[in-house]
Amino acid sequence: MSLHIFSDHKNVIGFPKHKATWPLNKLKDFKFTDVDAIALIGSGEEIIDDEVISALWKFTEGGGSLYAENLAVFDFPSSRLFGFKQDFSPLDRTTEKLVVEQELCDELKGYLLEWKGTYQKGYCTTGIPLLSVGVFKDTHRNLSRIRNLPALTLHLLGKGRVVYSAFPLFGQTSFLAYRPNHLWNRTLKKVSEKAGIEFPAINNPLKRSGSTPDESIERVNDWFIKSGIMPQINGAEGIYENIHSFFQQVSKDKRPDCHAQSAIMFYLYGKYKNDASSKERAFQLIHYLIREGYQDTDPSSASFGFWKWFQYPGALPEDMFTDDNSWVTIALLFLYKETGIEIFREKGMLTAQALLRTQHENGLRPENYKGSLLRSQGEHYMNSLQVSMNPHFESIAHTAFLLAYQVSGDDRFLNTAYKGTVYLLEHLDEMKWMYSKTSAYARFSLAISGLLKFRDDEKLRNGLSHVMNYLISHQHSSGGVEEADNPDPERYGYEDTGVYIYNGEGIADLLYTNNFMLMNVWEAWKQTGNEQYFEFYRKLRDFLVNVQVESESSLYHGGWMRAYDLNHGEYFGNNGDTGWGPYCMESGWTNGLIGTGLLLSKMNISLFDDVHKKTREADLQKASGKGD
């Protein structure tokens, strides 16, 4: 087939490079008798004048195949040609998805697709919808009979046919957002048959690395250095939160928990490779938080010791989430145990004491305190809040208490961690979770495992067995753990929600579940010696190493995105979370924690190991004069 492409885009992706492309304004001079297929690829603003519309009409009626995309179709001549009339200006796509209509393919009917960019809101005049656009809560397939807005239509005209796309299918800079990739290519084959034009396959720009654990460690370290996630690669200006799921660029939020998790990984990498610069990078991330005043250091303040959640403009912290503050405590006290650097102990114990000071009697605490209310109302406000029954928050605080106990010898920390963990174990039917039971139990296992180092307790051993057996029951044959037991499937479109809706969808979450689990399952093995836990760890490790991203883009190469489709082997998940989404790439929460889970294993060590005197002495010499 002789296909000619007209587009003002510098690069029409997907089509073979040898396909000739002309600007849209050259249509006036084109001899339509020379070809049997034409593609017009616009950017949403191009108006095709009546003279060209008439020529295209004659070309199509005579048996030609016409594909048009993302043009300004407001008038009757063009809308009757393309089978689509545009009512409004193009809209930015957010949580909308495409659904395959039965008219395209019975086999693919109801399957859902994602794209990046805009879509034109209009109504179909004469075309048959092949794809429609709407907000669908489902992950893979929607079989509702609701008629949605047409997005790709087929229009028969004389002996010819016209396919019109109301979204930018080929006028893109990257195919990265066309998910799921395997389904897009099956769909395009069917569209090619309907259009009489052979459309190119969409090549997935993200590959699986298939590397070894050693290679994976090097790659994730390189991702931190080369992706732009740090304003300065020495860590002196902190670290950003993530690569945004939707916009595909660095999100420049700075959060203490992301700094803490990244610092642990950098320190462990430096220890593993005998790389002083990596250890220094870890120290600089912490010093950045201290220097920039993220921690409340006023002893007269009720929020004394707590950290701001992000680069909050106020002088004192407002949202003081339990898990975020606990992660900073864990990093500070782990680094102190390893190095003996006093400021790490001082700052970490301030937060540990603040957490202990605001605990409830049962060893649990609210998931978040508002700093302004705590400072103005004190104990009245603190006691008015219900405690959280969610290990997402509680178990991280209990883990922080265990490190505080190691550093200080204060039994109150150990006793509180034990009391709170046992309370959760004794009230499993009252437990809450945010995204999935798998993510909650992934967190829960860490505190239970850590406690077993200090108390060989039957309640803890039985509890860990219960938690681990549940997680193992959801381990996919690939080694990843599939998300299960969504507490609120109707939460689609709110900021915080999962990347799946119902059990059995085959989606692994690497922001809230598998990432934490790698480190936590390792700790379960270290504290118990249970070979079943080690095998669980090994399979999970091999899965994560295998799905580490390989990409030509430094934004992604060496990292992990949030949602992975275990059954189809590509990054894909439900897009209902508007805050983090299925394709974000988190600095600390995902890449830092997976790196830590790999490094702990390579060195056969634990977060709960006792102080290493030789390591302390070496780091003290290198860090002399740095703490204040």
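Which residues in H8 meet Arg-412, Phe-413 and Thr-416 in H12? In this predicted model, local features need pLDDT of at least 70 and side-chain atom pairs count only at pLDDT 80 or more, while totals for chains, interfaces and linings use all residues. Residues are numbered from 1 along each chain as its sequence is written, and side-chain values use heavy atoms, with hydrogens and water left out.

The residues on the H8 side are Met-349, Ala-352, Gln-353 and Leu-356, where contact means heavy atoms within 4.5 Å. Helices (H or I, at least four residues) and strands (E, at least two) are DSSP runs, numbered from the N terminus. The contact of H8 with H12 brings together four nonpolar residues, two polar and one charged. Here Ala, Val, Leu, Ile, Met, Phe, Trp, Tyr, Cys and Pro count as nonpolar, Asp, Glu, Lys and Arg as charged, and the others, Gly among them, as polar.

Two packed helices are described by the angle between their axes and the distance between the axes. For helix H8 (residues 342–357) and helix H12 (residues 411–426), the axes come within 11 Å and cross at roughly 50°. Axes are lines fitted to C-alpha atoms, for helices over the stretch in contact, and angles run from 0 to 180 degrees between N-to-C directions. H8 and H12 are therefore oblique to each other; angles under 35 degrees count as roughly parallel, over 145 as roughly antiparallel, 65 to 115 as roughly perpendicular and the rest as oblique.

Next come the strands. An open sheet is formed by three strands in the order S16-S15-S22, with antiparallel pairing; two strands pair if DSSP finds at least two bridges between them. At the edges lie strand S16 (250–251) and strand S22 (585–586), each pairing on one side only. Strand S15 (residues 242–243) is joined to S22 over two bridges, and Ile-243 stands opposite Met-585 in S22.

The loop between S15 and S16 holds Gln-248, whose phi is positive, near 60°. Another loop, between strand S13 (160–165) and helix H3 (181–195), is the place of Pro-180, which a cis peptide bond joins to Arg-179, with omega about -10°. For background, most residues other than glycine have a negative phi, and most peptide bonds are trans.

Finally, the structure holds 23 salt bridges (a side-chain nitrogen of Lys or Arg within 4 Å of a carboxyl oxygen of Asp or Glu). One of them joins Glu-114 and Arg-93, at 3.3 Å from N to O. This pair links distant parts of the chain, 21 residues apart.
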